[in-house]
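Hi everyone, thanks for coming. Today I'd like to talk about charged side chains and who pairs with whom.

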Amino acid sequence: TWHLKKIPQIVRERTFSLDSPKFEAKTKLELNSVCGIECQRKLPVPSLSDLKNLLSYETVFENGTRTLTEVNVLGAGLDPAANTTTRRPSRRKRQIYGTDSRFSIYDKKFMTNFPFNTAVKISTGCSGILVSPKHVLTAAHCLHNGKDYVKGSKRLRVGLMKTKSRGNGRKRKETSDGVPSFQWTRVKSTHIPKGWFKGVSGDIALDYDYAVLELKRPHKRKYMELGISPTIKMMPGSMIHFSGFDNDRSGQLVYRFCSISDESNDLFYQYCDAEPGSTGSGIYLRLKEPNKKKWKRKIIAVYSGHQWVDINGEQQDYNVAVRITPLKYAQICFWIHGNDENCTRG
């Protein structure tokens, strides 16, 4: 069951103009020297002032201008056991673990209907998911490498799957190759948490590898709601689901589900079969609504991709996802609505 939780408040305090970014960084979908499971155990719980700094955010606009917004955090319960994790044996580098369990969705009836039609393609080579009539959730490192915005993010576009039609509006017959076409929409603005920039001189702060894009024009399709990430033991079979546009299956929508191996307060470590291109996909669950017979899918994490992490001083690999915690829910919801009135209960 989805459990309602009281959400902290993110309150905008002041906004500053910054110099325009250079947009010269190279897109790098596989990160090195990320603080891993063992490293996370040793991290101190962030203080309130730390959270205010980490959850402040940059906004880049379509014309290349940039602002920094400082925030205050109200009602944040700081968990002293925030970074506890479960030990699991180390694994070798693989992105497809054993038998490839991914499914290419060929049938346009599925591709263009919920939940698969919420998956979108980002012009920098990643995936994302629709979270409102005009907002997309994706991974921060698809747009920014920790020091500068990546090439191509200045004229960022989002591709929504569509069924091709003839000039008279009638739907064409399905193509045999099952390749979807995209309707591309320009991005009006991009929000990235300052926590992602924390690792400029050291490790990348993977906990904050998420971003929200505001589209220039709203779409008219169903989107996926945000949810608070439950712990592994509260998930049916510990299973998660996500769809994206993996590079090795060009133009195809690829769906997969798998169980989670490890968790920290901010990250899921798993061995879902995935290739570059699916980075930024929304990871979702289907749980029961409280006191109702209805089941509902909600996004509970953002797929960060295949990453190398430090475990006992050695580089090991996982496919990693950033969990939507109550604080991140508050921030993403605030970005979507522009206020915290609609974000009090997750």
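Let's start with E62: at a relative accessible area of 24%, E62 is partly exposed, where buried means under 20%, exposed over 50%, and partly exposed in between, using a 1.4 Å probe and protein chains only. Quick background: this is a predicted model, where local features need pLDDT of at least 70, side-chain atom pairs count only at pLDDT 80 or more, and totals for chains, interfaces and linings use all residues. Residues are numbered from 1 along each chain as its sequence is written, and side-chain values use heavy atoms, leaving out hydrogens and water.

So which residue does E62 form a salt bridge with? One partner is K216, with the closest N and O atoms 3.2 Å apart. By salt bridge I mean a side-chain nitrogen of Lys or Arg within 4 Å of a carboxyl oxygen of Asp or Glu. K216 sits in the loop between β10 and β11, and E62 in the loop between β2 and β3, so the pair ties together parts 154 residues apart in sequence. (Strands here are DSSP runs of E, at least two residues, numbered from the N terminus.) K216 is partly exposed too, at 43%.

Now, buried or exposed: what about R323 and E263? Both are buried, and their side chains meet in a salt bridge, 3.2 Å from N to O. R323 is in strand β17 and E263 in strand β13, so this pair links parts 60 residues apart in sequence.

Over the whole structure, the search finds 9 salt bridges.

Definitions and conventions: Helices (H or I, at least four residues) and strands (E, at least two) are DSSP runs, numbered from the N terminus.
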